[in-house]
Amino acid sequence: MASSKTLRRLEVVSPVPADIDIANSVEPFHISEIAKDLNLSPKHYDLYGKYKAKVLLSVIDELKGSGDGYYVVVGGITPTPLGEGKSTTTVGLCQALGAFLDKKVDLGIAVQKACENQTQPMKFLYPLDISIKEKIEAIAKSYGASGVEYSEQAEKQIEMYSKQGFSGLPICMAKTQYSFSHVPSQKGAPAGFVLPIRDVRASIGAGFIYPLVGTMSTMPGLPTRPCFYDIDIDTATGRVLGLS
């Protein structure tokens, strides 16, 4: 099936730019535009943001009479002038290599290599100098929410952190990963919902504030062997051991 989209040719550049620079140099098509080119209507897929969608299996039966197309896997490898590949972003690459080439890719090393090539600072959805509420509402808007509702506890915490001078910290939302809303069963990209903020907490040392959305709970991140196993008291001196 022919597409009306214009293919973008990638020019050879030396020195080879970092992955993030290549990604930021173009504006991706909205997934609905691509779906329209493929004769898919909104009922055929569930949106996951602007650039991703999950196609329903029922589409296979509906498009049985259509001609075959091509399945393209993008491996996310940044080429060097010699063509051997500088780094990988492993977007689907680990699964592809593991399934078809019987090889394993160390995701951690791939991410580390990609990060080493970063030349631009992280870009937030909001200016860091706006209020905590304004940041939360900017994120909620990106989810598709029509508004934000704060509990009494959340209001108290926001006021306290603001008075303590921590309103300039970025926000990390603690919410379900199954939906853009606070309800896990609302799949795809629901819109028009009000996002409830039950509580607001801060990890000052790590440098961020994290609102608790809906019924989301948190748990401590512990290593395989928690440090308290190595904490003891020297009975001769009364000194606590293993704290540093």
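Trainee: Leaving aside neighbours within four places in sequence, which residues is aspartate 199 in contact with?

Mentor: Contact means heavy atoms within 4.5 Å. Aspartate 199 touches Ser151, Gln153, Ala154, Gln157, Tyr210, Pro211 and Leu212, leaving aside its neighbours within four places in sequence. Keep in mind that this is a predicted model: local features need pLDDT of at least 70, side-chain atom pairs count only at pLDDT 80 or more, and totals for chains, interfaces and linings use all residues. Residues are numbered from 1 along each chain as its sequence is written, and side-chain values use heavy atoms, with hydrogens and water left out.

Trainee: Is aspartate 199 buried or exposed?

Mentor: Buried means under 20% relative accessible area, exposed over 50%, partly exposed in between (1.4 Å probe, protein chains only). Aspartate 199 counts as buried because its relative accessibility is 10%.

Trainee: With which side chain does the side chain of aspartate 199 make a polar contact?

Mentor: A polar contact is a pair of N or O atoms within 3.5 Å; within protein, one must be able to donate a hydrogen and the other to accept it, and residues adjacent in sequence count only if both atoms are side-chain atoms. Here the partner is the side chain of arginine 201, at 3.3 Å.

Trainee: In which strand is aspartate 199 found?

Mentor: Strands (E, at least two residues) and helices (H or I, at least four) are DSSP runs, numbered from the N terminus. Aspartate 199 lies in strand β6, residues 194-203. In a regular strand, side chains alternate between the two faces of the sheet.

Trainee: In what sense do β6 and β7 pair?

Mentor: Two strands pair if DSSP finds at least two bridges between them. β6 and β7 pair in the antiparallel sense, over six bridges. Serine 203 stands opposite phenylalanine 208 in β7. Four residues lie between the strands of this hairpin, and glycine 207 takes a positive phi near 90 degrees.

Trainee: What is the order of the open sheet?

Mentor: The three strands run β5-β6-β7, with mixed pairing. β5 (147-150) and β7 are the edge strands, each pairing on one side only. β5 and β6 pair in the parallel sense over four bridges. Tyrosine 150 stands opposite isoleucine 197 in β6.

Trainee: Why is β7 called largely enclosed?

Mentor: Go by the burial count. Five of the six residues of β7 (residues 208-213) are buried, so the strand is largely enclosed by the rest of the structure.
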